[in-house]
Amino acid sequence: MIKLIGVLIVVVGISLNFEILSVVLSAGLVTGLVSGMSISDILIKLGDAFVTNRYMSLFVLTLPIIGLAERYGLKERASELIGNIKAVTAGRVIMIYEFFRLLAAAFGLRLGGHPTFVRPLVYPMAEGALKKDRKRNLLDKEKEIIKAHSAAAENYGNFFGQNVFLAAGGILLIQGVLKEAGYNVELLTMAKYAIPTAFFAILYGFIQFYLMDRKLNNINKESSVEEEKANGTYN
Amino acid sequence: MELTINHVYVLCGIISLVVSYLTFTDENHSNSIGTGVFWGILGIIFVFGGRIPSIFNGILVIIMVLISLSGKVSLSNEYSESSLDFKEKKSKSLKNKIFIPPLIIPTVTFLIAQFTKYDAKVGLGISSIVALITAFIITKEKPKEVGHDARRLFDSISSFAILPQLLAALGALFAAAGVGEVIADLIAGFIPVEMKIWSVIAYTVGMALFTIIMGNAFAAFSVITIGIGVPFVIQMHGANPAIVGVIAMVSGYCGTLLTPMAANFNIVPSALLEMKNENGVITKAQWKVAIPLFITNTILMYVLGF
């Protein structure tokens, strides 16, 4: 059981918001020590694993290209294109974003993100769609619902699309871990079998965003009933 | 000449070393030494990591973590970035052509992996060179500027860039110490893993639970796979390692949707959107998809994995 101390260090370190790299390193060092490894054994194991897992950082190859494209207005153009899609409801705006986010992730594009897309673009568009329909200022609880779902769509698309890409960090890690365990697995097989989950993530997401629209309608009905009641007492 | 992954690593190393050099010579950077050394070490490990003794690599990793801990990996006060005006003007003149370079990366990588003897990693190296040359042709930018663009993105990712590799190293140390066995024993003690369906449930539940604890499915993957996936699902019941591996990973991602420990995905966004409830992304939306998707994944593993 003492070997689980590394797990404990990670849990405590992250919940207390300590610097994450040093939490992870300490967990590794302490785990090595309690299981009887010498300092040099631990350093060798650490260096070895870090070097053999360099492939996880291959994304640095894409940074110069993305950076250059951003300098020439990549994000602005992407925003413009998404902004051109005529959307009727808040839920549909979020559906469209989830779909394209998942597709982009499946192609290995690092286009999305909460700061770059959700706050400046998806949430304002979804809110605008509802506002256009309601012709009044939105209630706080309506805004909270749209915000939560906009942020969730980014995560669904990102998480469940990424493993369909052949050079995704996730499937490269799977390959690495299984190789250590003595199994050679093909990236292509893994990418293919990530597709069913990607499909269900879209399906459940769409259902959720459809239900969100209905919930927003119910809130609207309730609030107008309340308004009528309020008006009634005045009459 | 036969291309190998080592050539791709050298390319990554060169990019890191250029970023390091530009950081050292940046007069507007208050931590230019610390940040420059950090990217420099990363570059050295990329280029020479395979040739120098492991113990030195281990020491270099510890130095990187210490630099990060001391807060010296930081942003510069000024990057040579284009103005919003320039971006909007270029966006109007280049139109959708600006999407070509980023789209070349996945497309060419896929084509190389599918139709040549090279795998996706070497493919990524080749495609990024093709994409970069295309980007130069489309934008007519000077090659010098691209170093600054790369540096801006390196610094925005900051020391998190090495987190996946460090977590993999943690997984290796956990594996060497036998942490997986302890957890596997615990779970095997509670769940009748000799039945195929229960071994699958142990694997997916283990992934989701451990991800909720660690806040990171990558960290959970090596521990739970070595501890439960390999001995029970793959060895005892003969599952296909590639298929159950990838489904286990996405089961872990369902855990990511449920945990405040994954702060960058769940907590920071609610702050960014100025939500009243900091856990609102999880409690108002994500759990309702995470739980059915988790159950679906468990069924998919059982149906497709054997």
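Chain B has 14 helices and zero strands. The model is a predicted one. The C-alpha atoms of chain B fill a box of roughly 65 × 50 × 45 Å along the principal axes.

How is this chain held in contact with itself? Take the contacts in chain B with a separation of 6 or more: residues 24 or more positions apart account for 68% of them. Burial comes next. Of the 306 residues of chain B, 57% count as buried.

Now look at one pair of helices. Helix α2 of chain B covers residues 32–48, and helix α3 of chain B covers residues 54–69. Their axes come within 10 Å and cross at roughly 155°. Angles over 145 degrees count as roughly antiparallel, so α2(B) and α3(B) are roughly antiparallel to each other. Their crossing is left-handed. On the α2(B) side, the contact residues include B:V37, B:F38 and B:I41. On the α3(B) side, they include B:L60, B:V61 and B:M64. The residues of this contact divide into 11 nonpolar, three polar and no charged.

Next, step back to the nonpolar cores. The largest has 156 residues. Which members touch the most others? They are A:I146, A:F160, B:Y203 and B:F221. Helix α11 of chain B, residues 217–236, gives this core its largest share, 12 residues. Leaving aside residues up to four places away in sequence, A:F160 touches A:L102 and A:N155, among others in chain A, and residues of chain B including B:Y253 and B:L293. A second, separate core has 11 residues, among them A:A69, A:Y72, B:A135 and B:I138.

Terms used
Residues are numbered from 1 along each chain as its sequence is written. Chains are lettered from A and ligands numbered from 1 in the order in which they are written. This is a predicted model: local features need pLDDT of at least 70, side-chain atom pairs count only at pLDDT 80 or more; totals for chains, interfaces and linings use all residues. Side-chain values use heavy atoms; hydrogens and water are left out. Axes are lines fitted to C-alpha atoms, for helices over the stretch in contact, and angles run from 0 to 180 degrees between N-to-C directions. Helices (H or I, at least four residues) and strands (E, at least two) are DSSP runs, numbered from the N terminus. Angles under 35 degrees count as roughly parallel, over 145 as roughly antiparallel, 65 to 115 as roughly perpendicular and the rest as oblique. A crossing is left-handed if the near helix is turned anticlockwise from the far one by less than a right angle, and right-handed if clockwise. Contact means heavy atoms within 4.5 Å. Ala, Val, Leu, Ile, Met, Phe, Trp, Tyr, Cys and Pro count as nonpolar, Asp, Glu, Lys and Arg as charged, and the others, Gly among them, as polar. A nonpolar core is a set of buried Ala, Val, Leu, Ile, Met, Phe, Trp, Tyr and Cys residues joined through side-chain atoms within 4.5 Å. Buried means under 20% relative accessible area, exposed over 50%, partly exposed in between (1.4 Å probe, protein chains only).
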